[in-house]
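Please consider the following note on the ligand site and the metal sites of the structure shown here. The points are set out by topic.

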Amino acid sequence: QGGDSDAEHVAFYSRDMNQGMQERMRIETGLRQALGSGQLELHYQPKFSIADSKIIGAEALVRWRHPERGLVPPAEFIPLAEATGLVVQVGEWVLEAACAQAQTWKDAGLPPIRLAVNVSAREFTSALPGRVKETLERYGLEPCWLELEITESTLMHNIDRVIGIMDRITALGVTLSLDDFGTGYSSLSYLKRFPIDTLKIDRSFTTGIPSDASDCAIASTIISIAQQLNHKVIAEGVETVEQLAFLKDSGCDEVQGYLFSKPLPASEFEKALREDWLADGR
Ligand code: C2E
Ligand code: MG
Ligand code: MG
Ligand code: MG
């Protein structure tokens with residue numbers, strides 16, 4: 001009897017596994033087609049200076065315009081793309097699309113704003129600096145148009161190799177920011193060795209401000225670490241005026257979040273930028 005139920009268990013298990021694998025293969029095949037047929041698009045979430053509430057840049061966030069499923073958020077395909085390695089091709093598309101957009105805005109006479117592109121650990125190879133340089137040149141962009149957001153998981157592998165790649169990127173004039181800061185495992189002793197421009201406080205900490213004392217303590221500690229190390233600091237996921245007030249009082253430089261704006265399609269971001277720009281006659 002025990003043998004029967006074991007066999008059943010195995011049968012169920014492999015059926016579930018097959019379904020999971022089929023689902024993954026379906027997404028992977030779909031994503032490959034999406035890359036080739038223009039179904040990916042970038043949305044742009046403005047980043048604001050806390051001092052004067054002006055737009056100082058934007059984070060480019062990828063979406064998949066699926067013919068049947070509509071607009072698919074990155075959480076539903078980036079982790080799989082990271083697991084299969086397809087994220088490298090997605091990343092190439094994203095860098096290309098962000099630079100093409102920057103060139104369009106530059107040619108339209110808009111002020112230079114920094115577009116931040118998220119880079120996965122698997123894309124952070126010795127080929128990246130050359131690709132970034134070549135892409136900027138091809139679109140006629142000064143490096144101040146581009147920023148790369150990397151997460152702590154990128155930094156966990158081979159520190160010396162990673163720092164070498166970071167140095168080559170910053171030597172181009174492209175800045176680096178450390179995304180989701182505080183959620184990974186990178187040691188503080190390494191932090192001083194990274195040539196980064198900005199620390200990005202993870203949304204999970206911002207969310208607890210001001211009611212959760214630990215989140216407040218963590219956020220203000222990250223801000224003082226950034227200040228001590230001469231880095232800028234931005235908080236992501238700012239949704240309330242209370243959070244904004246706390247961050248401002250704590251000395252945070254920049255903010256990004258639904259309180260100001262959700263990620264916007266390019267045309268809407270351009271509109272917001274023009275309004276912001278005209279508002280103070282820049
Ligand atoms: P992330 O880089 O930490 O990006 C911030 C995420 O928080 C975005 O979600 C953004 O829409 C969301 N967000 C911003 N402000 C708020 C807020 O006030 N409240 C709430 N609830 N959410 C807010 P999104 O666009 O769904 O992206 C999720 C993650 O997917 C990103 O996290 C990033 O890790 C990844 N991702 C997105 N685009 C790319 C890409 O082009 N390449 C790679 N490798 N990863 C990407
Ligand atoms: Mg990011
Ligand atoms: Mg983030
Ligand atoms: Mg995050």
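The numbered points below treat the basis of the model, the ligand, the metal ions and the backbone.

1. This is a predicted model, in which local features need pLDDT of at least 70, side-chain atom pairs count only at pLDDT 80 or more, and totals for chains, interfaces and linings use all residues. Residues are numbered from 1 along each chain as its sequence is written, chains are lettered from A and ligands numbered from 1 in the order in which they are written, and side-chain values use heavy atoms, with hydrogens and water left out.

2. Ligand 1 is surrounded by 21 residues, of which the closest are Arg63, Ser120, Asp179, Glu239 and Tyr258; a residue counts here if one of its heavy atoms lies within 4 Å. By type, this shell holds 8 nonpolar, 5 polar and 8 charged residues (Ala, Val, Leu, Ile, Met, Phe, Trp, Tyr, Cys and Pro count as nonpolar, Asp, Glu, Lys and Arg as charged, and the others, Gly among them, as polar).

3. Which groups make polar contacts with ligand 1, a contact here being a pair of N or O atoms within 3.5 Å? A polar backbone atom of Tyr258 is 2.8 Å from an oxygen atom of the ligand. A side-chain N or O atom of Arg203 lies 3.1 Å from a nitrogen atom of ligand 1, and a polar side-chain atom of Glu236 is 3.3 Å from an oxygen atom of ligand 1. Taken alone, ligand 1 exposes 800 Å², and the protein buries 84% of that (Shrake-Rupley method, 1.4 Å probe).

4. Strands β2 (55-66) and β6 (175-181) are the elements that give two or more residues to the shell around ligand 1. The most comes from β2, with 4 residues. Strands are DSSP runs (E, at least two residues), as are helices (H or I, at least four), numbered from the N terminus.

5. The magnesium ion (ligand 2) is coordinated by Glu59 (OE), Asn118 (OD1), Glu149 (OE) and Asp179 (OD), at 2.0 to 2.2 Å. Donors are N, O and S atoms within 2.8 Å of the metal (3.2 Å for Na, K and Ca); water is not among the atoms, so sites may look incomplete. Asn118 lies in strand β4 (residues 114-119) and Glu149 in strand β5 (residues 146-151), so this pair ties together parts that are 31 residues apart in sequence.

6. Asp180 lies in strand β6 and Glu236 in the loop between β8 (232-235) and α10 (241-250), so the pair ties together parts that are 56 residues apart in sequence. The magnesium ion (ligand 4) is 5.9 Å from the magnesium ion (ligand 2).

7. Two backbone features deserve mention. Most residues other than glycine have a negative phi, and most peptide bonds are trans. Asp180, although not a glycine, has a positive phi of about 50°. Ile209 and Pro210 are joined by a cis peptide bond, with omega about 0°; Pro210 is found in the loop between α8 (203-206) and α9 (213-228).

How values were computed:
Polar contact = N/O pair within 3.5 Å; in protein donor to acceptor, adjacent residues only side chain to side chain.
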